[in-house]
Amino acid sequence: MKDRITEEKIERLISQMTLREKIGQLNMVPSPSGEDEAVFEMLRRGEIGAFIMSNTAHAYSEDSVSADEALINKMHRIAAEESRLGIPLICGRDVIHGHYTVLPIPIALAASFDFDAVRECYSDVAREAARDGIQWAFTPMLDLARDPRWGRIIEGPGEDPYVGEKLAEAVVKGLQGDDPSSEQSVAACAKHYIGYGAAEGGRDYHKTEITDYTLRNFYLPAFRSAVDSGVLTVMNSFNEIGGQPTGSSRYLLTEVLKQELGFDGFVVSDWFSVQQLVNQGVAEDEAQAAALSLNAGVDMDMSDRCYIDRLEALVTEGRVSEEALDEAVRRVLRVKFRLGLFEHPYVPVYRQDRAAHMSRARALSASCMVLLKNNGVLPLKKNSRLALLGSMANEKATLLGMWCLDGNPNHVISIAEGIKSKIEEGGAVNGCGTDLSDEQLMHLQWSDAAVLCIGESRYVTGEAASLTTLEISDSDILLAKKAKERGIPVVAVMCFGRPRATEELEPYCDAILYAWHGGTAAGGAVADILFGDVNPSAKLPVTLPRKTGQVPIYYNVSSSGRFVNGYYGEREHEQNYLDCDCTPMYPFGFGLSYSRFEISDISLSQDSIPYEKLKDGGKIKVSAKLRNISERDGWEVVQLYIRDRVASMTRPIRELKGAEKVWVEAGDAKTVEFELGFKELGFYKGDKSFDVEKGKFEVYVGNSCYADLKAELRVI
Ligand code: GLC
């Protein structure tokens, strides 16, 4: 929300700025070395508005610069005290899911369905990052994704718009806090706007074909939620959509994001994405690339110097208007005022309780891990004799995920360490490694269970890390097979970033825990679950396929005209794949607990509602009874789905419209309530209008997208 006093300050400042100083505010430079006199000179001339504390596009922590407090303060002092107008800089960094205390990767955070906990942990992240001089974090990544071949699926909310909305709100409010001008707040950055996750073939950076209908109903909601949550910045994406690069699309950046959604912060380009318009063949040279981007609505240029080198001539030639330039500067200054940088530009000093951060991170990590299978082998007894197998048993760095610039692998609790910390008198842990020799198989013989810790390197996830196969490696399957053949129960702990195809592994496992890349506390969280100190409660925010060939496969798919077997097994014996069952291995929203729950007694406050009443804010209350029929207290994520049975456009077979994570004591029951209103029942139609269409809606409540507890509702 704009405030008059700030806006007056902004206009006064703009009226004093030279053309060069205005362009300087739109120029973001990579982090300089301490002796980079050329950069310091540019600062004195007011030719830099922001800097990114990172020197690589791919943020693998080994080769990225650290957040150097002295250098950051030097940069701020020169800008504030040695430039003509003293406009403060803003320092950005890829603090994606943690700083010193690293949280699970974002897709895992989505699996927690505990967005209050996510928000609280991101306020811890903001405190740790701000103390190191980071004023701007390039997160949340909100790209809806249906293709796990795409490595960046790990960075986002998965395949559902509702989950994307909730994650966006949690991260933005966690980082920016109730008062973004606080020294312990950090500006968030909703990225990558927009459609980046639809890259053909899962090939990073590649083209997408997304109709406006699909874009508005699937890819846009999370960004709208970020804007409604007050996000201060947005980053445009690398991809084109149907021939139009997002970075040069005035429709997407100005008409939709800024005018329709009302975003009044600033848009920053992705790394060199202005210059890349030349590679994409829509700009002849960097000058044209700069003109296209600025006129489309990209306010700040990240690292490729197109703005600082080209805009002065473009304005003089009239290819970019000074009004357009002023609007970009206005937005950058607005964010700097809202962040309080004019009052406190330097690295703040305050104490922080990292032990509390770590404790919350461990609890959140455990609530992200999805129990996919358990035939009773879990929870393990603490006096068990365990054989520890697999490449991830002692691994640390991988568990931090790929966007981890400031996490320290030495701080990570490995799975082996986590398990050993739980073992009590009479128990034992025998590390058998990754290649079962006959001697090791003898060891296995006396074990009560084998814990098979497998996964993927963080270097094959994230940016520029697409894969053509999602299947589990033969060597990992062989480990499970050998253990199983000896009659040993196998507990698979899967430390993968992306969803994997588990059909070939599953038969050899008595239990499967999808642990993702779980952050600094990952190994402790795994042990908390394996020994029952924590009751697993996570649900899949993304479909797990049987085979790579099924991809893309996602739950909110529309119905085909022929009821051949599909996601919901529409017709048992007619398969549209001749070589694979067409249903997913594990569906969206699925996840087991050590408790057992029953969901019953769905009821609606009314079975019909007039369109006009709905439009005026009328709501339908949906309630259901959740009963814990086990001896174990636990959490259940009760999910509300709808299906718009007949509409002017095809609609999904299921759409998630609510999810409540509810604690129920053993033997107890609770009533869970949801509301359906115009927003939930409506959709963007082919003509870009948003509306509810009269007719029948099916309403489902359950604990996955396979929910079958149904009621019917009519909009009349
Ligand atoms: C990268 C990524 C983006 C990141 C930026 C800065 O290429 O696409 O997510 O924030 O550059 O490192």
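Predicted model: local features only at pLDDT ≥ 70, side-chain atom pairs only at ≥ 80, totals over all residues.

Visitor: How much space lies in the largest pocket?

Guide: The largest pocket holds about 1000 Å³ of space. It is lined by 43 residues, and those closest to its centre are Pro161, Tyr162, Glu165, Lys166 and Lys679.

Visitor: Which elements give two or more residues to that lining?

Guide: Among them are helix H7 (161-176), helix H8 (212-219), strand E21 (655-664) and helix H21 (678-681).

Visitor: Staying with helix H7, is Ala170 buried or exposed?

Guide: Ala170, which lies in helix H7, counts as buried because its relative accessibility is 4%, and buried means under 20%.

Visitor: What does Ala170 touch, leaving out residues up to four places away in sequence?

Guide: On that basis, Ala170 touches Phe115, Val118 and Arg119. Its C-alpha atom is separated by 8.7 Å from that of Ser229, which is 59 residues apart from Ala170 along the chain.

Visitor: Now the largest nonpolar core. Which residues touch the most other members?

Guide: Trp136, Tyr193 and Trp516 do, in a core of 178 residues. Helix H6 (residues 115-131) gives the most to this core, namely nine residues. At least three residues come from each of domain 1 (358-550) and domain 2 (597-715).

Visitor: And which residues does a second, separate core include?

Guide: That core has 35 residues, including Ile415, Ile419, Cys495 and Tyr594.

Conventions. Residues numbered from 1 in each chain as written. Heavy atoms only, no water. Core = buried A, V, L, I, M, F, W, Y, C linked by side-chain atoms within 4.5 Å. Buried < 20%, exposed > 50% of the residue type's maximum accessible area, 1.4 Å probe, protein only. Helix = DSSP H or I, 4+ residues; strand = E, 2+ residues; numbered from the N terminus. Domains from an automatic or database assignment. 1 Å grid on protein atoms, 1.4 Å probe; cavity = no way out; pocket = protein on both sides within 12 Å on 5 of 7 lines; lining within 4 Å. Points joined across faces, edges and corners; volume = space filled by probe spheres on them. Contact = heavy atoms within 4.5 Å.
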